[in-house]
Amino acid sequence: GYEGWKDSINYVQKINADVVLIIGNNEERVIKNWFNDDFNAFREFCLKTGFKEVYKNQILNICDKDFFLTHKPNDRRNDMLTLFGHLHRSCGLYKPYGFNIGCDLNHFRLYDENNIKKFLNMKKEYWDKNISLQ
């Protein structure tokens, strides 16, 4: 089969940062089709390629607040805000359960901790007060 996914994985070597991969539906297909459905084998491959870490989901603390990182927002947790992608531009930035931080929503620039802090402030000052408009 076509192995163009390897080209994408190798982009990590061109990025001057510690890159952590939260797998999504595309990586799930690669794991199924090229790694015999073995997440750990895929993870090891990615670590050797240059990723700092690879997770299915992860909890990340930003601004003294825990966030659940996942690709698909349907995989969210109810006890903390979720940072997700998957929906691309179709749902906008804010949902009551978290923030869509897919880079295609940000002119292909990555979101950082300062962006998340700004989103938290916007949530508190505007979005939570106008929840009936959601």
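1. Lys123 lies in helix 4 (residues 113–127), where helices (H or I, at least four residues) and strands (E, at least two) are DSSP runs numbered from the N terminus. Lys123 counts as buried because its relative accessibility is 15%, buried being under 20% relative accessible area, exposed over 50% and partly exposed in between (1.4 Å probe, protein chains only). Not counting residues up to four places away in sequence, Lys123 touches Leu81, Tyr94, Phe99 and Asp128, contact meaning heavy atoms within 4.5 Å.

2. This is a predicted model, in which local features need pLDDT of at least 70 and side-chain atom pairs count only at pLDDT 80 or more, whereas totals for chains, interfaces and linings use all residues. Residues are numbered from 1 along each chain as its sequence is written, and side-chain values use heavy atoms, with hydrogens and water left out.

3. An open sheet of five strands has the order 3-4-5-7-6 with mixed pairing, two strands being paired if DSSP finds at least two bridges between them. Its edge strands, each pairing on one side only, are strand 3 (58–62) and strand 6 (94–95). Strand 6 runs antiparallel to strand 7 (residues 98–100), to which two bridges join it, and Lys95 stands opposite Gly98 in strand 7.
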